[in-house]
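Dear colleague,

I am passing on the structure below, and I would be glad if you could look through it before reading my notes, which follow directly after it.

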Amino acid sequence: MGLQNLQWGIIHVSDKQPSRDEPTTVDVFASKIEPKLANTLVRHLCQIAPLEDLRHVKRVRKTSVGGKIELSVILCTVIDCENHEDMPSGVLEIVSTYQLRPYLTNVSKFAASSREEWEEQCKLWPTSYHPQTQIIDGITEFSEEDSQLIFNHMNIVIGLTKMRCLGNQVVNAAIIMDPVTQQIIASGTDQTCSLLADGKQCNWELTHCSRQAEISFEFNHALGCSGDLFPEGSCSESIENTGSYNHVSCLNPWSWMEQKAHAQNSIMVDNGSTTKWHPLGHATLVAIENAASRDRRLYPVEQLETSIARVPVKRQKTQNSDDEEEHTPEAVTNGLTPEATRPYLCTGYDIYIAWEPCTMCAMALVHQRIRRIFYAFPNPNAGALNSIHRLQGEKSLNHHYSVFRILLDEKNS
Amino acid sequence: MDPKISEDSSSEIMFMELALDHAKEAMSRLEVPVGCVIVEDGKVIASGSNRTNETRNATRHAEMEATDILLKQWQNSGLTQSEVSEKFSNCVLYVTCEPCIMCAAALLFLGIRAVYYGCANDKFGGCGLILSLHESNSKQASSSAVGQGKNFKCTGGIVASEAISLLRSFYEQGNPNGIYSHNDLLH
């Protein structure tokens, strides 16, 4: 079965609520003007009072009253001033020079996302609408080739959610990708229960999948990972109806507390040492730590660089000995200095997650500066990108990522 | 809803001053100066401060550092998950700055009993300013897992001025690595 047989789709998860309670318009001062003054006035106003957040709004409105053309121009937004005596001095000057009569009106706050919405907006004040070259948060729509790669990556993640050591139980899984090099930077699966934290099979499956992924990039449209790709049953719709999603940490952030004593004991025996479960070991946080640990390994802190801030030597040693095969740092093989290539956190990277992340994970991705998030299944219990909260729309945060949901056609799986 | 402003009882001030010591220690390591202590039965059982620069993991906030110390300790002494959960439900956290949205959610998942913080976090605050996660649990009450429905009590404004002046002097000195902009620094 090839991926091309599956009908997948990518939808942008907006940073704005579809049903907006917040005002959808902005108050502005406008004035009728003599048509012959239009060029001069618009040029001046664009300098003195640019409409920064209203790029979709046209400065001038043309109306036809009884066959006579009338022009109105936006002077400034009301945010800048309480009443029209408080308008920026340059604007006041224009008002008095040309004897304008400012009046209060409103314009659409957001660019239209559909032709219908645009037509509605223009009843208030004309706006521009670009259906062909619509920009999604600064990232253009996906080409056929990009979509195929995105589906491949999500396929790898779906493969990781199915832990053979857990029977038909599934967990959340994530991979962090560098979209430029198509390289998997890090991956993670839920580690909230001791059963999940153990299991060589799971790790084996990961390396197996990654290797398959590299091959598939070479053969372009090949499948990301062999074997059963999809969790049993319909994951997207009937999460509550089946017991097999109990271990998906972002869906059930308190399920770590319910761990059965006997399960824990068996792990203690197997390992002979401590267990590795962590109540906050959600796939996303695990992937972030793996990405950070890779960064520390590939770009060790220079001796001369602020010695107090450097990673203790003991810590570096343990990490290196854990990964014997990856001893050659990329920076050296590329002939570049570590400073030149060292990324800042996960800037520019994408993360693929099976389930919509919870609030903790979604905020962690803000902190770690992820560029884009792709998820497959909504999280009605605790989802923070659409279901319960919408962190990508919290304006006060210092970083904003773009969010996409990947629709899987499960009939073919 | 705004968190309750504390009347600064003497033990609260004492624990917050310990948290401030850890914040200062973070500052000396060129980290964002936020520190915390975790208190059980009136005794400090763990402490932590920011390690985001050192670890290159921007999630390593003071709260995460301190709770990880306890987890490791309790796991090593063989506690089961339900015993660990029981332990956390007796713990109170004192942190110099309002927990961010991530940490507030994490503390909710751990089932901590109460949080006292110094200054508010007007960019990322998870306990009132941006989101009120500490009292959001009623939404999830329908699913029946153990521990759900436990919100934590949250009190802000304890020795806030000192926490603010620490953060302010950190911004003013700037970041030696030149990675962060001033806006990024708030915990």
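Angles under 35 degrees count as roughly parallel, over 145 as roughly antiparallel, 65 to 115 as roughly perpendicular and the rest as oblique. The model is a predicted one, in which local features need pLDDT of at least 70 and side-chain atom pairs count only at pLDDT 80 or more, while totals for chains, interfaces and linings use all residues. Residues are numbered from 1 along each chain as its sequence is written, chains are lettered from A and ligands numbered from 1 in the order in which they are written, and side-chain values use heavy atoms, with hydrogens and water left out.

In chain B, the axes of helix 3 (residues 62-76) and helix 5 (residues 101-110) cross at roughly 25 degrees and come within 9 Å (axes are lines fitted to C-alpha atoms, for helices over the stretch in contact, with angles from 0 to 180 degrees between N-to-C directions; helices are DSSP runs of H or I, at least four residues, numbered from the N terminus). Helix 3 of chain B and helix 5 of chain B are therefore roughly parallel. In their contact (heavy atoms within 4.5 Å), B:E63, B:M64 and B:T67 of helix 3 meet residues of helix 5 including B:M102 and B:L110.

In chain A, helix 8 (residues 283-298) and helix 12 (residues 359-367) have axes that come within 9 Å and cross at roughly 25 degrees, which makes helix 8 of chain A roughly parallel to helix 12 of chain A. Here A:T284, A:L285 and A:I288 of helix 8 meet A:M360, A:C361, A:A364 and A:L365 of helix 12.

Notes:
Helices (H or I, at least four residues) and strands (E, at least two) are DSSP runs, numbered from the N terminus.
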